[in-house]
Amino acid sequence: MAKEKAVTPKTFKPTPKDIATAPERIKPILAGLKKLYPDAHCELNYSNPLELFVATVLSAQCTDVRVNMVTPALFKKYRSAADYAKAPAEDLEQDIKSTGFFRNKAKNIQQACGVIERDYGGQLPDNLDELVKLPGVGRKTANVILGDAFGVPGITTDTHVIRLSRLLALSNHADPVKLENNLMELIPQKQWTLFSHRLIWHGRRVCNARKPECDSCELRKYCPYGLAIAQ
């Protein structure tokens with residue numbers, strides 16, 4: 001008789017029964033995350049919306065730590081949308097090279113900043129519909145900017161939020177937009193931004209992708225994955 005394979009973070013799939021319990025489990029999960037990470041915040045360094053936009057673009061396929069090493073000199077050199085838009089492409093590429101995928105990131109930053117300068121007087125728009133029209137800006141980036149730069153609640157469906165939402169059986173969707181819609185129904189709107197930060201912090205500190213530290217996780221009793229591997 002073939003031996004049943006152990007459940008792993010990659011192979012775990014929440015059942016319909018797991019998903020059905022999400023509305024009753026979300027309150028203690030939110031409370032647990034708040035207790036664990038009362039000071040959770042965006043870990044990208046910035047001082048204005050444009051800087052956050054640039055830092056968020058650079059963070060794609062790159063760690064926040066690396067981005068924060070690059071941005072002090074970058075923000076000193078480029079102080080406005082016009083500065084980015086008018087800079088020689090090769091100069092900007094060199095300035096951000098260590099963040100990876102630097103040619104595409106430089107292109108998106110320059111094109112978006114050109115639009116910001118031309119259509120918005122150099123000021124980053126403060127609503128989702130306008131933000132997602134900018135080159136290189138999807139809903140994830142837009143929600144980061146809205147929540148942290150403008151105080152507009154938004155759920156950031158980054159890789160940590162997608163992964164932990166599945167393990168916690170808050171949704172069975174890996175598609176970021178479908179997951180965002182599911183989470184928006186489960187979580188009070190005023191908590192959207194903080195929930196995102198706290199789940200990201202938990203993903204970085206406890207529930208890491210390769211080997212979640214389930215034995216020390218205070219959310220385990222509300223987590224179908226954690227309960228499954230304990231059996």
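Glu90 is exposed, with a relative accessible area of 53%. Exposed means over 50% relative accessible area, buried under 20%, and partly exposed in between (1.4 Å probe, protein chains only). This is a predicted model: local features need pLDDT of at least 70, side-chain atom pairs count only at pLDDT 80 or more, and totals for chains, interfaces and linings use all residues. Residues are numbered from 1 along each chain as its sequence is written, and side-chain values use heavy atoms, with hydrogens and water left out.

**Around Glu90**

- Glu90 sits in helix H6, residues 89–96. Helices are DSSP runs (H or I, at least four residues), numbered from the N terminus.
- Glu90 and Phe102 are 12 residues apart in sequence. Their C-alpha atoms are 9.9 Å apart in space.

**The largest pocket**

- Its volume is about 680 Å³. A pocket is an open set of points on a 1 Å grid over the protein atoms alone, where a 1.4 Å probe fits, with protein on both sides within 12 Å along at least five of seven lines; lining residues have an atom within 4 Å of a point. The volume is the space filled by probe spheres set on the points, which are joined across faces, edges and corners.
- The lining has 27 residues, and the closest to the centre are Ser59, Cys62, Asp64, Asp158 and Arg204.
- Helices H4 (64–77), H9 (139–149), H10 (159–167) and H12 (192–205) each supply at least two lining residues. H12 gives the most, with 5 residues.
- The lining divides into 9 nonpolar, 12 polar and 6 charged residues. Ala, Val, Leu, Ile, Met, Phe, Trp, Tyr, Cys and Pro count as nonpolar, Asp, Glu, Lys and Arg as charged, and the others, Gly among them, as polar.

**The second largest pocket**

- This pocket holds about 150 Å³ of space.
- Its lining includes Thr56, Ser59, Phe101, Asn104, Lys140 and Thr141.
- Helix H3 (49–58), helix H7 (102–119) and H9 each give two or more residues to this lining. H7 provides the largest share, 3 residues.
- By type, the lining has 3 nonpolar, 7 polar and 2 charged residues.

**Helix packing**

- H10 packs with helix H11 (residues 176–186) at an angle of about 60°, their axes 11 Å apart. Axes are lines fitted to C-alpha atoms over the stretch in contact, and angles run from 0 to 180 degrees between N-to-C directions.
- That makes H10 oblique to H11. Angles under 35 degrees count as roughly parallel, over 145 as roughly antiparallel, 65 to 115 as roughly perpendicular and the rest as oblique.
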